[in-house]
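Student: Hello! Could you help me learn to read a new structure, one feature at a time?

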Amino acid sequence: MGKDKYSFKKELSNDILNKKFLAEKDGYSPIEVDEFLDVIITAVSQNETTYFTLLNENESYLKSIESLKKELEEVKFNFGLFKQKFKYIKENDIINNAASVDLIRRVNQLEEFLSSKGFDPKKIS
């Protein structure tokens, strides 16, 4: 009863349960043999359940891995597109853009101040 013969088939527990032994004079106690086989059947059944649970989990994980590999390839492709699209923008440009936003905000505040004092900021040259 090796691993190769059954390859973790569910029938292993049933084979143990239905195994018939030849009766011999001065043999083992049938009750003790049955109790021992019950212990073995329980252990094998639990192992089979665990095996098939792990097999299903493994299959699920393999599918997830394949899905994540495809997603990673898509992200790499999109990253390449963005990198190509923005290759001429330098880090200094981004900093200058932040400074430009601050400058625009300050100019807007000054225009509001001038408007509140009765001056039209668009007519000042």
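Tutor: Gladly. Let's start with exposure: buried means under 20% relative accessible area, exposed over 50%, and partly exposed in between (1.4 Å probe, protein chains only). F86, at a relative accessible area of 40%, is therefore partly exposed. Keep in mind that this is a predicted model, where local features need pLDDT of at least 70, side-chain atom pairs count only at pLDDT 80 or more, and totals for chains, interfaces and linings use all residues. Residues are numbered from 1 along each chain as its sequence is written, and side-chain values use heavy atoms, leaving out hydrogens and water.

Student: Where is F86 placed?

Tutor: F86 sits in the loop between α3 and α4 (91-116). Helices here are DSSP runs (H or I, at least four residues), numbered from the N terminus.

Student: Which residues form a nonpolar patch on the surface?

Tutor: A nonpolar patch joins Val, Leu, Ile, Met, Phe, Trp or Tyr side chains within 5 Å, from residues with over 30% relative accessible area and no salt bridge. Here F82, F86 and I89 make one, with about 300 Å² of accessible area together (Shrake-Rupley method, 1.4 Å probe).

Student: How many salt bridges does a search of the whole structure find?

Tutor: A salt bridge is a side-chain nitrogen of Lys or Arg within 4 Å of a carboxyl oxygen of Asp or Glu. The search finds 3. One of them pairs E59 with K63, with the closest N and O atoms 4.0 Å apart. K69 and E66 meet at 3.7 Å, N to O, and R105 and D102 at 2.5 Å, N to O.

Student: Why are E59 and K63 separated by about one helical turn?

Tutor: Because they are 4 residues apart in helix α3. K63 is exposed at 59% relative accessibility, while E59 is partly exposed at 44%. As for R105 and D102, they are 3 residues apart in helix α4, so about one helical turn lies between them.

Student: What volume does the largest pocket have?

Tutor: A pocket is an open set of points on a 1 Å grid where a 1.4 Å probe fits, with protein on both sides within 12 Å along at least five of seven lines; lining residues have an atom within 4 Å of a point. The largest pocket has a volume of about 420 Å³. Of its 17 lining residues, the closest to the centre are F21, L22, Y28, P30 and V33. Helix α3 (30-85) gives the largest share of the lining, 6 residues.

Methods: Points joined across faces, edges and corners; volume = space filled by probe spheres on them. Helix = DSSP H or I, 4+ residues; strand = E, 2+ residues; numbered from the N terminus. Patch = residues over 30% accessible without salt bridge, like charges linked within 9 Å, V, L, I, M, F, W, Y side chains within 5 Å.
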